[in-house]
Amino acid sequence: MTYYPDRNDEIEEKRELAKAFLESPTRDAFAELVAHDGFWATEPRRSIDYYVDDIVFDDQTPDEVAAAVEQALDDTDALEEVLELDGFGWATATELLHVLAPDTYAILNKRAVLGMEALGYDAPNKQTASVEEYWDFVDDVRDAYEEYNLRAVVNEAESTPDIPDDHTDLEAADAAFNAHYDEDAYDIDLEALQEARTGGRQVEVPEDLWQMIEEEVEGDPMYRDAEDFLYSAVRNELDR
């Protein structure tokens, strides 16, 4: 499942459903949230009712689930308590926390793992990751966002909607991971992006050309430095 072309609308819908559950924790509010078309973690489940009634709320109450989530929103040290909830693994826990605190929590699911690996990062196993490994992963996602300018990667692609200006860096990175995952539908290939960047670092640029590039990017907020300009030029050429 991907969010295109209605990804941004569905994110906002999911955010409102998550807030509604926290404000009034009920079985039905939680079921509506996890049954939403944009809630990735429950996509493989054959029956949402079985998941909600026989797994999540078999031995815990909606109030207990909401309280654990609220605590993790207030204090990241409480993340482990969300992971210990029945029916919550890394994918479910981080998707819910991410939509409520998108500048703090990154989603750890198969799309994110494949996306980060395509960019050359080591990603934790979403089945066995420790809390420490997760926060290292979040730092790596932030680094990848900056290193590869992932917001621009999505915004410049022809097949994907632009990322809203108010969406965080972690949300922009997640958009890139989702588009990369569905490679048959969208023209974003993070592995090719990484290869282009790595290859670009090995090119010897004549001094006079390098000086021209530095003068071009000086004071231009679109580029961090001359290397970023070269990377963008290579990527644009490959996308032609």
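Is Asp 49 buried, partly exposed or exposed? Asp 49 counts as partly exposed, at 46% relative accessibility (buried means under 20% relative accessible area, exposed over 50%, and partly exposed in between, with a 1.4 Å probe and protein chains only). Here are some notes to go with the model.

1. A word on the source. This is a predicted model, in which local features need pLDDT of at least 70 and side-chain atom pairs count only at pLDDT 80 or more, while totals for chains, interfaces and linings use all residues. Residues are numbered from 1 along each chain as its sequence is written, and side-chain values use heavy atoms, with hydrogens and water left out.

2. Overall fold. The protein chain has 13 helices and zero strands (DSSP runs numbered from the N terminus: H or I of at least four residues for helices, E of at least two for strands). Its C-alpha trace spans about 70 × 35 × 30 Å along the principal axes. Of the 240 residues, 47% are buried.

3. Contacts. Taking contacts with a separation of 6 or more, 64% are between residues 24 or more positions apart (a contact means heavy atoms within 4.5 Å).

4. Charges. The chain carries 17 positive and 66 negative charges, and their mean positions are 4 Å apart (Lys and Arg count as positive, Asp and Glu as negative, with His and the chain ends not counted; each charge is placed at NZ of Lys, CZ of Arg, CG of Asp or CD of Glu). Nine salt bridges are present in the structure (a side-chain nitrogen of Lys or Arg within 4 Å of a carboxyl oxygen of Asp or Glu).

5. Lys 14 pairs with Glu 95 in a salt bridge, with the closest N and O atoms 2.7 Å apart. This pair joins helix 1 (residues 7–23) to helix 6 (residues 90–100), across 81 residues, and both members are buried. Arg 15 makes a salt bridge with Glu 171, also at 2.7 Å from N to O. Because Arg 15 lies in helix 1 and Glu 171 in helix 10 (residues 169–181), the pair ties together parts 156 residues apart in sequence. Glu 171 is buried at 5% relative accessible area, and Arg 15 is buried at 10%.

6. Back to Asp 49. Its side chain meets that of Arg 27 in a salt bridge of 3.0 Å, N to O. Arg 27 sits in helix 2 (residues 27–34) and Asp 49 in helix 3 (residues 48–56), so the pair ties together parts 22 residues apart. Arg 27 is partly exposed, at 26% relative accessibility. A network of salt bridges links Arg 27, Asp 28, Asp 49 and Asp 53.
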